[in-house]
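Subject: Structure handover

Hello,

Here is the structure we talked about handing over.

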Protein chains: 2
Amino acid sequence: MKFIDNDQRPMGHGRMLRKEDPRFVRGKGLFVDDVQLPGMLHLAILRAPVAHGRLVSIDVTVAEAHPKVKLVVTGAMLAQRKLAWMPTLSHDVQAVLVTDKVRFQGQEVAFVVAEDRYAARDALELIDVVYEPLPVVVDARAALDDGAPVIRDDLAGRTDNRIFDWETGNRAATDAVFAAADVVVRQDMVYPRVHPAPLETCAAVADHDAVDGALTLWCTTQAPHAHRTLYALIAGLPEHQIRVISPDIGGGFGNKVPIYPGYVCAIVASMLTGRPVKWAEDRSENLTSTCFARDYRMRGEIAATRDGRIRAIRTDVLADHGAFNGVAAPSRYPAGFFGVFTGSYDIEAAYASMTAVYTNKAPGGIAYACSFRITEAVYLIERLVDCLAHELDMDPVELRLKNLLRPDQFPYTTTTGWTYDSGDYEATLREALRIADYAGLRREQAEKRARGELMGIGVSCFTEAVGAGPRKDMDIAGLAMSDGAELQVHPTGTAVLRVSCQSQGQGHETTFAQIVAEQIGIAPADIKVVHGDTEHTPFGLGTYGSRSTSVSGAAAVVAARKVRDKAMLIASAMLEISVTDLVWDAGRIHVVGDPNSSVTIQDVARWAYGSGELPEGVDGGLAAQVHYDPSSLTYPNGAYICVVDVDPGTAVVTVRRFIAVDDCGTRINPMIIEGQVHRGLTDGVGMALMEMIAFDDDGNCLGASLMDYLLPSALEVPDWETGFTVTPSPHHPIGAKGVGESATVGSPPAVVNAVLDALRPYGLRHIDMPLTPSRVWEAISSTGLRESTA
Amino acid sequence: MKFIDNDQRPMGHGRMLRKEDPRFVRGKGLFVDDVQLPGMLHLAILRAPVAHGRLVSIDVTVAEAHPKVKLVVTGAMLAQRKLAWMPTLSHDVQAVLVTDKVRFQGQEVAFVVAEDRYAARDALELIDVVYEPLPVVVDARAALDDGAPVIRDDLAGRTDNRIFDWETGNRAATDAVFAAADVVVRQDMVYPRVHPAPLETCAAVADHDAVDGALTLWCTTQAPHAHRTLYALIAGLPEHQIRVISPDIGGGFGNKVPIYPGYVCAIVASMLTGRPVKWAEDRSENLTSTCFARDYRMRGEIAATRDGRIRAIRTDVLADHGAFNGVAAPSRYPAGFFGVFTGSYDIEAAYASMTAVYTNKAPGGIAYACSFRITEAVYLIERLVDCLAHELDMDPVELRLKNLLRPDQFPYTTTTGWTYDSGDYEATLREALRIADYAGLRREQAEKRARGELMGIGVSCFTEAVGAGPRKDMDIAGLAMSDGAELQVHPTGTAVLRVSCQSQGQGHETTFAQIVAEQIGIAPADIKVVHGDTEHTPFGLGTYGSRSTSVSGAAAVVAARKVRDKAMLIASAMLEISVTDLVWDAGRIHVVGDPNSSVTIQDVARWAYGSGELPEGVDGGLAAQVHYDPSSLTYPNGAYICVVDVDPGTAVVTVRRFIAVDDCGTRINPMIIEGQVHRGLTDGVGMALMEMIAFDDDGNCLGASLMDYLLPSALEVPDWETGFTVTPSPHHPIGAKGVGESATVGSPPAVVNAVLDALRPYGLRHIDMPLTPSRVWEAISSTGLRESTA
């Protein structure tokens, strides 16, 4: 980590310490569990111990008799109020509390509300539930078997577990290319089920006021406005009476987009008791019952010429969505995956098909920094390219350089119809090679191999499609709202920006202040960014899919430019000169050719609120509101290089170096971008090497604690080496593309490619993630070559 | 009181129970003293016992040693932080704590912050202060004497107590009319110093967060945004870091427009202690140190023809502003007084001059439902007209009918240049006469007089000028902001309106919901009105001078109409027909001639947020924001008739009947209007008969408790009889004029006229308010006629 100079206080874009950090480092952040209200009760949820089982009986009388218990609620009680089921954000329904049968281990069965958290948890053990076990479907392939138990028998007319079959691309044309290709490589691969494991688990405090009917809900949500609309539909409360506050959030990564039953339970509990009610998950509950990610079985095929020109991609995916579509399925198709599965390459034909199924597992989804399944698509193509290099015995960098899209091809429309906006992919890769000293690494590797040491160098190139606006195919809950931004400059010259997106730790209060500062010349310290409260902010879809800077950031720019335009008009009245004779210069407006005849934006603000006469037709005040619809997605890209050492004796993988060169267009605060990249790279090392939510045959979750679900710590990751190129997006008003998910998306294939590169002496082409010592050891052993190299 | 039918739930304008009342009647209102924050400290203010005295020494060591005391602050300590003086809202400065000398009894000298309110008050008595007495100026006339002590010696270069000399009208032309007039009547009169005595006294809770520098201030203010700007200037905090919340307020009446030292003390205390600090006045503090109203000595002259045609008015006023211009002086002139001192009459010439002075009394101001001194002006003209009637021996109604402006004269520009918008003054007066059965009353009076009983009938006609927008002559603190309104319809079809004005009990949450409902066809119950929080609301000047409905109400109408226009555009896409072929019908939009082809506003809202395709160029969402500058003031008017009985033995005045006919233009919720009128009539009876803040020669306030400062209770007022006429204002989008001050303004002269009418047998023409039994008894006695009638 480089030292960041505190004196660097740019007026706009540039390195600047985060405005939110003084609060966090002093323990003054406000997380949901910090919310304390007078008379607040505590809610605990009874979760199903079985993965599939009919609810035979439930007896709450002993629990109700607990002296500190105020309320015990079962699914049957909710059903009387028509609250037993709730819509999800993905055109499905989900049980708030089980009424008919349990569909995954950890599902919500009942809840207790008590005077304190301890009593509530104790009373859960006093509830007596009898389940009749049902056959469990854990494997997505088995879910499609004839005779497989129908998990979602609550859905009228459903006779199997298939959710959808979707496809993209021209199958016949792709097949024809494959049939004629010099070389075809096929590789099956699994992207295992993982969990983002945010620092803060899910929590809610519901405060329903029986007098005026108003509900205030503090909760860990990435999409406060969408949640509010859904609560209005679920709880039957008028939307104007609901306030959703999403305060500081300890990480989201998509895991906090869905509406969880716990939120609804807290609302119901407050309505029934007339008191505020807090629900906060423990770690085990978070790991077993909140939305997982990935869980894709992919068959990948790549067709190429003998000299390494990639011609076509073909893939078939089986997606395991668990028992409910939490926030898994966009309404038309898995847009992200279908958008970028051809990767960063110039490919003439491609076809993808995807089947999704219900299983007896917790709901899966987009819930981990993956923009509607881009993560899986990038992994697929980047592994396939390395498999092709393996087959052709080519250097994987050479193969990529031969196929990367060229700058003159942008805007580039893929064979499946997605238009990449901008990029210089070769420059990005060459910058990574330069930082890494790729040639030097290969020389080092050769020396080490000669000594029997296993060193590997892995490369990945990726393209994302992020920053979705109100596209009907990327909606949530049928809501495809454009994102609002409201900028108000006060009479004394400070400003407030209100945005619809919601920070989960990304540093919005800093980045957005800088975005506005760059446009209106007020220092970032004097610009307050308000977010995460439906009472304070304009409507919008929230934060997911790297859309904060790319969508809300754009909205902020447009609002700021409106304010600047109005300031110019007012300045023309102040200076008594035509606006065409004025120049804007970073917060100072002066007469052309006469820098001394000037006013500042602060002068204009005071004037605008009444100290002076305004031009004809100009309203008082200095403010602007916009709703912003992006005309297109933005396409961040990057090139990553990973260097690993594999211990031939223990099969332990050590990531020795990692070089990440990202192109996210215009860089607003490089320090924050680097922080985002560092985080995502850590995600990637975790997924590649250690993370997997496994289930046994009975559907028991085997990753229910952080002792079982391993996350990388500082000891498992190297000092990250980052670099950048800049190709601004032509669609974004300041050319920014969004970087929140890039490294999570791009790094796993680099790590896996590096490990397979290290294992080249064994002839291994693929091992499924996570590349734990036992998996790698087994793979090496399976080659029968272990003895010879050890 | 008539019973209000709870089932009357109009979709727009009409009688409807107040939405805020369920909260109030259940004790769930949130007044500032209800705010409880963890770790909150309590602040008490040491007030000066003398009216004028140099501060010799102040010793706080004993107070500081009190075990529960956290902080004791003096003016000297504030001076070190440049906080000892603050700007007022009226182009003056005021001491936060005394540094040099005390200028009125009750002035703030020091404050104590302690763990509880009791300890804070106890510790005040441990502060040892020595004052050197100075000569006291109590009488405004004495303030102008040569050699009078200069009260505001803090103001550079000041050598006397004169604040301003202003005038309006053509003096020479007026004098000429007077010289040629058949009849001239002159009457000196005093409008005594009074206090609105709101139910809730002033209070503040300041919570300064040392980590992020943010200040949240709950306080009893009628103007949250203007206060925020001033606090930014006073406390040196950036405006964007200040949030002012004005929750439910127990009455304002102008008394809560000013910034009081206590608010600033609470802010400073929180900044110094790092903890939330509450300050709440007791009743005595409120009565002695917050802004008073009136205190005008007026010389009035009226010139007329022998047959009762009023030709000219001339007046000279001496205004006592106390020790500081709290919120007394608009920047250019006492606009309200100068605007309407010619009353409701067609008068050819008028001239008014006014001198204002500082005295050793608490700050005076506009602080009591008087729209920049309209109350005094109406009293002056209506008393003069009755004096003229007395002189001419005419019936006061006949005299008024002869002189009232006729409907065909509107818009009518007065001789001093103010343009009254609309009215039918004769119809209004005749409606009052009808309700009162004026002829019958006169017959009854004649019968009673024959029996020696003292019955009086008093009439007043009044015109107000209210609803000031950002006029430079009616600014506060140099801020002349236009008033914002933001209307947001949610996807589920409920709505939120945010307005810059602030309710102090008027029922804004109901009236504004009805205003919007009438425009967009969503039920008032589904429209939430947000106000009183700078974080939640657009900028605006706040609520005073009857400007809520007349200004912010207009802003709400304009915003709602914008929403309706957008809804029509979206409906045209939904129904696939040109917008010109659509009809708006109270929340339903249908095809011309085909009422069945229709969509509701709720359908449109859902569509607008993503469920359907929007027309080209139409943003997502359904919302609008406006800032509204009224093109003109509005001119409510009314005619009041009061019937009194005076006990010849005790001189006690009993108000037997009171008939109030108000014309406030379009009537949104007649029940709320009647409530406003009832309140104002009670004010008027109080001022006419019992209220006065008196001072002894040493400047001691003689009205420092509600035992000394008498307010009318239900026993002292009659069952009010109200009526109305409607002449919509052409300047307001729905023709509403504002009614919050009408009855306070119009009723005192009716009561006084009635009492003098009752005393006609004694030949009395004028007695100064308040007409207490002793004053009336003395006046009767002075005639020497008492024996003969008793």
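This is a predicted model: local features need pLDDT of at least 70, side-chain atom pairs count only at pLDDT 80 or more; totals for chains, interfaces and linings use all residues.

Contact between the chains

Chain A puts 41 residues into the contact, and chain B puts in 41 residues. On the chain A side, at least two residues each come from α1 (21–25), α7 (224–235), β22 (495–499), β23 (527–530), α17 (601–611) and β27 (622–628). By residue class, that side of chain A holds 15 nonpolar, 15 polar and 11 charged residues.

Domains of chain A

The domain assignment of chain A lists domain 1 (32–134 + 201–249 + 256–289), domain 2 (379–402 + 409–467 + 633–789) and domain 3 (483–628). Between domain 1 and domain 2 of chain A, the C-alpha centres are 40 Å apart. These two domains of chain A do touch: nine residues of domain 1 are in contact with nine residues of domain 2. The domain 1 side of that contact in chain A consists of three nonpolar residues, five polar and one charged.

Strand β15 of chain B

In strand β15 of chain B (residues 293–304), 10 of the 12 residues are buried, so the strand is largely enclosed by the rest of the structure. It pairs with strand β10 of chain B (residues 183–194) in the antiparallel sense, over 11 bridges. One pair to look up is Arg186(B), whose bridge partner in β15(B) is Glu301(B). β15(B) is also joined to strand β16 of chain B (residues 310–320), by nine bridges and again antiparallel. There, Ala303(B) has Ala312(B) in β16(B) as its bridge partner. β15(B) and β16(B) form a hairpin with five residues between the strands, and in this hairpin Gly308(B) has a positive phi near 95°.

Helices α15 and α16 of chain B

Helix α15 (residues 508–520) and helix α16 (residues 548–574) of chain B have axes that come within 9 Å and cross at roughly 35°. The crossing of α15(B) past α16(B) is right-handed. From α15(B), the residues involved in the contact include Phe512(B), Ile515(B), Val516(B) and Ile520(B). On the α16(B) side, Ala556(B), Val557(B), Ala560(B) and Val563(B) are among them, as are Arg561(B) and Arg564(B). Taken by class, the residues of this helix contact are eight nonpolar, six polar and two charged.

Regards

Conventions:
Residues are numbered from 1 along each chain as its sequence is written. Chains are lettered from A and ligands numbered from 1 in the order in which they are written. Two residues are in contact if their C-beta atoms, placed from the backbone, lie within 7 Å. Helices (H or I, at least four residues) and strands (E, at least two) are DSSP runs, numbered from the N terminus. Ala, Val, Leu, Ile, Met, Phe, Trp, Tyr, Cys and Pro count as nonpolar, Asp, Glu, Lys and Arg as charged, and the others, Gly among them, as polar. A residue is buried if 20 or more other C-beta atoms lie within 10 Å of its own, exposed if 12 or fewer, and partly exposed in between; C-beta atoms are placed from the backbone. Two strands pair if DSSP finds at least two bridges between them. Axes are lines fitted to C-alpha atoms, for helices over the stretch in contact, and angles run from 0 to 180 degrees between N-to-C directions. A crossing is left-handed if the near helix is turned anticlockwise from the far one by less than a right angle, and right-handed if clockwise. Domain bounds come from an automatic or database domain assignment.
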